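Subject: Handing over the two-chain model

Dear colleague,

Please find the structure below, together with its sequence, so that you can look at both while you read. My notes on what was found in it follow.

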Amino acid sequence: MYEIIAFYLFSFLTITLFSIVVFSKNALYSMTALAGGMIFISGFFFLLDADFLGVVQIIVYSGAVMAVYAFGMIFIDTAKDVKEKIKAKRMIYSFSVAIAVLLVVIVSSPIISKNIIISTPMIEGVGNSKMVGYILFTKYLVPFELTAVMLLVAMVAGIVLVSKKMDISLSLKNDYEAKSEFEEGVAK
Amino acid sequence: MITLTHYLVVSSILFAIGLVGIVRRKNLLMLFFSTEILLNAVNIGFAAISREFHDMTGQMFAFFIIAVAASEVAVGLGLLVLWYKRKSTIDLDSMQSMKG
């Protein structure tokens, strides 16, 4: 009973919030709705006995990713509504929904035929976090280390891309152009 | 009783919302938001199947997906800020300098 109420509540909230993300004109509203939706997604993980995944979801998405988005929006004027030329075609919408349904069929067909080989079974009486630790540091050790390296590379890339000469524009302009532009800005 | 199918249906609805967002929006920031929605929808599906079969592989995949999403956001937002500084717009129509 408890699970049923929680499931329908969380699904209603996530679908509503994510619809706001997709259909809102204001970037700030979208970001806030996305942060809320991420929190409610972690509720699904707690319902599914994946406690560690739920905690990671809250920390990484609602904490880190949303903070990065908020910092990124410092550079962009978000008070204005997003102007975009939307060519709303009915065909595209039905097309994407059809693709989603197709994906579900693809995902659920091996389950219907019960053709899944269980490779890393859960052990009875061992908590979820403990189980994650066992498997992450034995079977998935190499992908885990590679993920660490990937995150390091992404961190360096993010810092280098954003932080260089933050007060003047950079990128494809060379130093001289950027400097003269900056001096023009000061003169104004 | 909530079964695996319920979770997969919710996951597919969220995936469809994200897909509609990717097709519909012309703003790079909104495109990133829609990508996050897609990744989260897939994570729900993985966690549901993981519980159904008492198998940890699904949860492991979800962890790696979260890591990939985090690094994608870091690099993507860096590029977005760079583009905004150059062109002062993040509209997708402005990114057609490399006409194929």
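What share of the 100 residues in chain B is made up of buried residues? The answer is 50%, and please keep in mind throughout that this is a predicted model.

Chain B

Along the principal axes, the C-alpha atoms of chain B fill a box of roughly 50 × 25 × 25 Å. If you consider the contacts in chain B between residues at least 6 apart in sequence, 46% of them join residues that are at least 24 apart.

Chain A

Chain A has 188 residues, of which 20% count as buried. Its secondary structure comes to seven helices and zero strands, and from the N terminus on the elements of chain A run α-α-α-α-α-α-α. Of the contacts in chain A with a separation of 6 or more, 43% are accounted for by residues 24 or more positions apart.

Where the chains meet

The contact between the two chains takes 61 residues from chain B and 71 residues from chain A. On the side of chain B that touches chain A, the elements giving two or more residues are helix H1 (4–24), helix H2 (28–52) and helix H3 (57–87) of chain B. It is H3(B) that gives the most to this side, with 23 residues. The residues on the side of chain B that touches chain A divide into 39 nonpolar, 13 polar and nine charged.

One helix pair that spans the two chains is H1(A) with H1(B), which pack at an angle of about 5° with their axes 9 Å apart. Since angles under 35 degrees count as roughly parallel, H1(A) and H1(B) are therefore roughly parallel to each other. Among the residues that make this contact are Ile15(A), Phe18(A), Ser19(A) and Val22(A) of H1(A), and Val10(B), Ile13(B), Leu14(B) and Ile17(B) of H1(B). By class, the contact of H1(A) with H1(B) has nine nonpolar, five polar and no charged residues.

Is Ile17(B) buried or exposed? A residue is buried if 20 or more other C-beta atoms lie within 10 Å of its own, and because Ile17(B) has 26 other C-beta atoms within 10 Å, Ile17(B) is buried. If its neighbours within four places in sequence are left aside, Ile17(B) is in contact with Ile15(A), Phe18(A), Ser19(A) and Val22(A), and also with Ile37(B). The C-alpha atoms of Ile17(B) and Leu38(B), which are 21 residues apart along the chain, are separated by 8.2 Å.

Two loop residues

Asp49(A) lies in the loop between H2 and helix H3 (51–72) of chain A, and its phi is near 60°, a positive value in a residue other than glycine. With 16 C-beta neighbours inside 10 Å, Asp49(A) counts as partly exposed. In chain B, His54(B) is found in the loop between H2 and H3, and the phi of His54(B) is near 50°, again a positive value in a residue other than glycine. His54(B) is partly exposed, with 13 other C-beta atoms within 10 Å.

With best regards

Technical notes: Residues numbered from 1 in each chain as written. Chains lettered and ligands numbered in written order. Predicted model: local features only at pLDDT ≥ 70, side-chain atom pairs only at ≥ 80, totals over all residues. Buried ≥ 20, exposed ≤ 12 C-beta atoms within 10 Å, placed from the backbone. Contact = placed C-beta atoms within 7 Å. Helix = DSSP H or I, 4+ residues; strand = E, 2+ residues; numbered from the N terminus. Nonpolar A, V, L, I, M, F, W, Y, C, P; charged D, E, K, R; others polar. Axes fitted to C-alpha atoms, helices over the stretch in contact; angles between N-to-C directions. Parallel < 35°, antiparallel > 145°, perpendicular 65-115°, else oblique.
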